[in-house]
Structures are given as C-alpha cells and as structure tokens.
Amino acid sequence: MSQPPERAVPTSTDVARRAGVSRATVSYVLNNAAAVRISEPTRRKVREAADELGYVPHAGARSLRSGHTRMVLLPSAHTPVGPLYSTFFNELQWALRRLDYTVVQYGSLGLDGDGAARAWAELRPVAVVSLGEISLTPHGVDVLKRSGAKAVITLGPQRVAGAHALVMDQREIGCGAVSHLIERGRRRIGVVMPEEPGLGLFSQPRLAGARASAAASGAHVEPVPLAYTEQSAAALAARWRSLGLDAVYAYNDEYAMLLMRALQDEGIDVPGDTSVIGADDLLLGRLLRPRLSTVRVDLVTGQRLAELVDRVVRDPGGEPERHDLMGARAVPRESS
C-alpha cells in the first residue's frame, strides 16, 4: 500500500498570503512584539489565518534571531514535595504562561550542579528557576548566563553567587512546630524523618529547627524514621510507649494523619498521651477527630514569582536579589 503524501508544513509566508499582510506583520503579531503598533482587527486576521493553516512559529528560528527562547526551564522535582508545593509550582507555571513564556520541565536526576547547568544551557532558556534539588554553583550560573539565560533563580536556604535567591528556610517549620508543643508542656518530642528518597532536602533543616527550639527550653528531641506506609506507621506505633515520647512533630500533615491513626489504633490517646502536630494546613487535617494541629506555611504566590522572572528577563543588568519565599506559624487545634 502506498503511503499518503506528506502534508507541507505551513509557513509564515502562507499565513501572510491568507491574511493579506506582510510576513513582517505576521512575525510581529505571532511573536507578540510590543514595540510595533498593529490594529486589533489585523492581529485577529493574522491569528485566524494561522489557526486555519495550523501554523505555529518555529521556536528554534526565533531563538536564533534573539539569542534565546521564551522558555523558562524548571528542573522537574523527583521528590514528593506535597500538595502545598505542588499547588505553588502549578500556579507558577500558569502565571508564566499568561506572561507568554513557555515552561519546560527538565528531568535532571543523576546530574550534578555543573552538569545540569550545561544540559539546561543547551536548550537556550531565557530563564531557569532551580527548585533546590540541584546544587548550582557560581560556575554553573555563569554557564547559563553565557548561553543567553537572562534570569537564574534558585530556591533554597542559601544563595548562589550570580543568581537571584528565593529563600525557603525549612528550619522555621520545625522550630514553629516544636515551640508550640513546648508551650503545651511537652518535653520529649519525636520528629518524624520520612524514609522516602529525596525528602531529606526538607526534613533535615526542619529537624535542625526543631532542635534549636528544644535546646532553648531544655526539651529533648528524638528523630523518628517513618516510611509513608500503613505498615511502617503501625510498627512505629507498636513501640511508641517504649520510646517515652509525649509529643511528635510528624514532618507534614500527611505523615501526621498516617501516624495519628496508627497511634489511636494502638490505644494511645491523642492528645492525652501524645500530642501530634503536622505542617502545611491541609483541609483534610481539619476534618479529623481530633482536629490536627499544624504549621501553616505561607508561600508567596506563583504569580509573584512569575512577575519576578519577567522583570529580571526584561532588565537583567541589576544586582542579584534575595527574597524570602515563605513564613511559618503554628495553628493549634485539638490534636496537641
């Protein structure tokens, strides 16, 4: 059987011919050029012609002309970061799209900081927002900027020379949780350390914050490993009395709900025998009995971060900035 002939790829010349305008006008309209005044009827006519023909601008050609793409690269997370952060990153992507950026998630598992920077640079992104799983170096930031990236933004507890820093100090969460438990009279406090790979990025600084809070009041903090499974929670609950702990900060609300149910199944009263507090203030935690105490994490909106990306892309010559991305405060409820 003969193969059907391949359809010709529509070009900007085809769009211009159908719309009755010049190729330059097509380019201005479809690339959202703000410096050229084009009437709305003409813009609409060009877009309709492009839709009818199935034409889209060639990103590679556009990047050759400008030296970069309109691509914002987000290294994809390979750790389970939880609903709160997932919502934030989804909001960021929507906001960037509304600002006419193309968001690309890049799987960077197995790459070190400089190796990741070289791999990202090959795509010629106009901006990179590194979520903290890859430890960028000043050299890596320089590689990205030399490849055309106008904005390199890192999320994490520390700044990287040459990059804008969004500081997410996870210690505040552990400190807030344990401070609340101490205020409730608890002195031997377990801190859940998730066994899932990659979560040490969050749990280790939270443990450090918990220890700092306990040290100030003479309380004891005990790291408690826990996998996110019913079997692991049941095993921990079965030996809970032998640990001699009267409270637990359970990393986040999901681990807190898992462990609280296992403790109750073991006949351990919450909060009578053991106070429980999580983090993230998930709705489901408010529906439990007892209602789950938590640490509310106040992240800046994804819209605000998208606006920062856009501002730096438009004016890349300024000094690298530092922005605090979140705050944390305890929300007392019945479980503590």
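This is a predicted model: local features need pLDDT of at least 70, side-chain atom pairs count only at pLDDT 80 or more; totals for chains, interfaces and linings use all residues.
User: How many aromatic pairs does a search of the whole structure find?

Analyst: The search finds two aromatic pairs.

User: Why is the pair of Tyr 228 and Tyr 255 called tilted?

Analyst: The ring centres of Tyr 228 and Tyr 255 lie 5.0 Å apart, and the planes stand at 55°. Pairing requires centres within 6.5 Å, and planes count as stacked under 30 degrees and as edge-to-face over 60.

User: What makes Tyr 228 partly exposed?

Analyst: Its relative accessible area is 41%. Buried means under 20% and exposed means over 50%, with partly exposed in between; Tyr 228 is therefore partly exposed.

User: Why is Tyr 255 called buried?

Analyst: Tyr 255 has a relative accessible area of 5%. The limit for buried is under 20%, so Tyr 255 is buried. Tyr 251 is buried as well.

User: What makes the pair of Tyr 251 and Tyr 255 edge-to-face?

Analyst: The centres are 5.6 Å apart and the planes are at 85°. Since planes over 60 degrees apart count as edge-to-face, that term applies because the angle is 85°.

User: How do you know that the charged end of Arg 70 sits over the ring of Tyr 101?

Analyst: The charged end of Arg 70 is 4.0 Å from the centre of that ring, and the distance criterion is within 6 Å. The direction must also lie within 35 degrees of the ring normal; Arg 70 is classed as sitting over the ring.

User: Which residues touch the most other members of the largest nonpolar core?

Analyst: In this core of 46 residues they are Val 72, Tyr 85, Val 129, Leu 155, Ile 173, Tyr 249 and Val 309. Another core, of 26 residues, lies apart from it and includes Leu 199, Ala 256, Leu 259 and Val 270.

User: Why are the buried residues of α5 said to line one face?

Analyst: Tyr 85, Phe 88, Phe 89, Leu 92, Ala 95 and Leu 96 are buried in α5. Viewed down the helix axis, the buried residues fall within an arc of 125°, so they line one face. The face turned away from the buried side carries the exposed residues Trp 94 and Arg 98.

Definitions and conventions. Residues are numbered from 1 along each chain as its sequence is written. Side-chain values use heavy atoms; hydrogens and water are left out. Rings of Phe, Tyr and Trp (its six-membered ring) pair if their centres lie within 6.5 Å; planes under 30 degrees apart count as stacked, over 60 as edge-to-face and the rest as tilted. Buried means under 20% relative accessible area, exposed over 50%, partly exposed in between (1.4 Å probe, protein chains only). A nonpolar core is a set of buried Ala, Val, Leu, Ile, Met, Phe, Trp, Tyr and Cys residues joined through side-chain atoms within 4.5 Å. Helices (H or I, at least four residues) and strands (E, at least two) are DSSP runs, numbered from the N terminus. The arc is that of the directions from the helix axis to the C-beta atoms.
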